[in-house]
Amino acid sequence: MAAVTVDDILSDLPLGFASLILRPAPSAPAIERFLIVDADDESVQAAGAFVLLIGVRGRSALPALRRLLKDPPPVVAVKGNREGLSEAEELLQAAGSGLLLVD
């Protein structure tokens with residue numbers, strides 16, 4: 001897969017499927033691969049990956065997100081609502097990662 005941007009991916013998703021609530025920092029690397037990560041995975045090399053975090057939603061995603069941020073991905077997709085992901089948004093923003101909210 002050639003490097004793409006989050007906008008490239010969003011343009012391919014069905015309307016209403018997901019919302020980008022936090023854009024990756026301009027310094028974030030391009031997306032080079034797609035990774036599906038179970039929330040229980042202990043060590044994941046997420047740099048350069050669009051990460052779809054499965055097995056958790058909302059606030060319960062925080063421990064898995066903290067582990068992912070040891071090697072920050074450009075974008076993480078998490079199921080939930082904006083209120084339940086406010087702390088996740090703060091964590092990801094500090095790391096320069098984007099957050100895609102999956103409805």
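Me: Which residues touch the most other members of the largest nonpolar core?
Reply: The model is a predicted one. Its largest nonpolar core has 23 residues. Those that touch the most other members are Val51, Leu53, Leu65, Val76 and Val78.

Me: What is Val76 in contact with, leaving aside its neighbours within four places in sequence?
Reply: Val76 is among the residues that touch the most other members of the largest core. With the sequence neighbours left aside, its contacts include Gly98.

Me: How many residues are in the second, separate core?
Reply: Ile9, Ala18, Phe50 and Leu100 are included in this second core. The size of the set is nine residues.

Me: Are the rings of Phe34 and Phe50 stacked or edge-to-face?
Reply: The count of aromatic pairs comes to one. The ring centres of Phe34 and Phe50 are 5.4 Å apart, and the planes stand at 20°. Planes under 30 degrees apart meet the cut-off, so the pair of Phe34 and Phe50 is stacked.

Me: Which parts of the chain does the pair link?
Reply: Phe34 and Phe50 are 16 residues apart, and the pair links distant parts of the chain. Phe34 is in strand S2, and Phe50 is in strand S3.

Me: Is Phe50 buried or exposed?
Reply: Phe34, its partner in the pair, has a relative accessible area of 45% and is partly exposed. Phe50 has 4% relative accessibility. The cut-off for buried is under 20%, so Phe50 is buried.

Me: What is the volume of the largest cavity?
Reply: The count of cavities of 30 Å³ or more comes to one. The volume of the largest cavity is about 60 Å³.

Me: Which element gives the most to the lining of the largest cavity?
Reply: The lining includes Val37, Asp38, Leu53, Ala64, Arg67 and Leu68. S2 and H2 are the elements that give two or more residues to it. With three residues, the element that gives the most is H2.

Me: How many charged residues does the lining of the largest cavity have?
Reply: Asp38, Asp41, Glu42 and Arg67 are among the lining residues. By class, six of the lining residues are nonpolar and none is polar. The charged residues number four.

Me: Is Val44 buried or partly exposed?
Reply: Val44 is one of the residues lining the largest cavity, and its place is in the loop between S2 and S3. Not counting residues up to four places away in sequence, Val44 touches Leu35, Val37, Leu68 and Asp71. Its relative accessibility is 21%, and buried means under 20%, so Val44 is partly exposed.

Me: Is Glu89 buried or exposed?
Reply: Glu89 lies in helix H3. Its contacts, leaving aside neighbours within four places in sequence, are Ile21, Leu22, Arg82 and Leu99. The relative accessible area is 16%, so Glu89 is buried.

Me: How far apart in space are Ser27 and Pro74, C-alpha to C-alpha?
Reply: Ser27 lies in the loop between S1 and S2 and counts as exposed at 69% relative accessibility. In sequence, Ser27 and Pro74 are 47 residues apart. In space, their C-alpha to C-alpha distance is 9.3 Å.

Technical notes: Residues numbered from 1 in each chain as written. Predicted model: local features only at pLDDT ≥ 70, side-chain atom pairs only at ≥ 80, totals over all residues. Heavy atoms only, no water. Core = buried A, V, L, I, M, F, W, Y, C linked by side-chain atoms within 4.5 Å. Buried < 20%, exposed > 50% of the residue type's maximum accessible area, 1.4 Å probe, protein only. Contact = heavy atoms within 4.5 Å. Phe/Tyr/Trp six-rings, centres within 6.5 Å; stacked < 30°, edge-to-face > 60°. Helix = DSSP H or I, 4+ residues; strand = E, 2+ residues; numbered from the N terminus. 1 Å grid on protein atoms, 1.4 Å probe; cavity = no way out; pocket = protein on both sides within 12 Å on 5 of 7 lines; lining within 4 Å. Points joined across faces, edges and corners; volume = space filled by probe spheres on them. Nonpolar A, V, L, I, M, F, W, Y, C, P; charged D, E, K, R; others polar.
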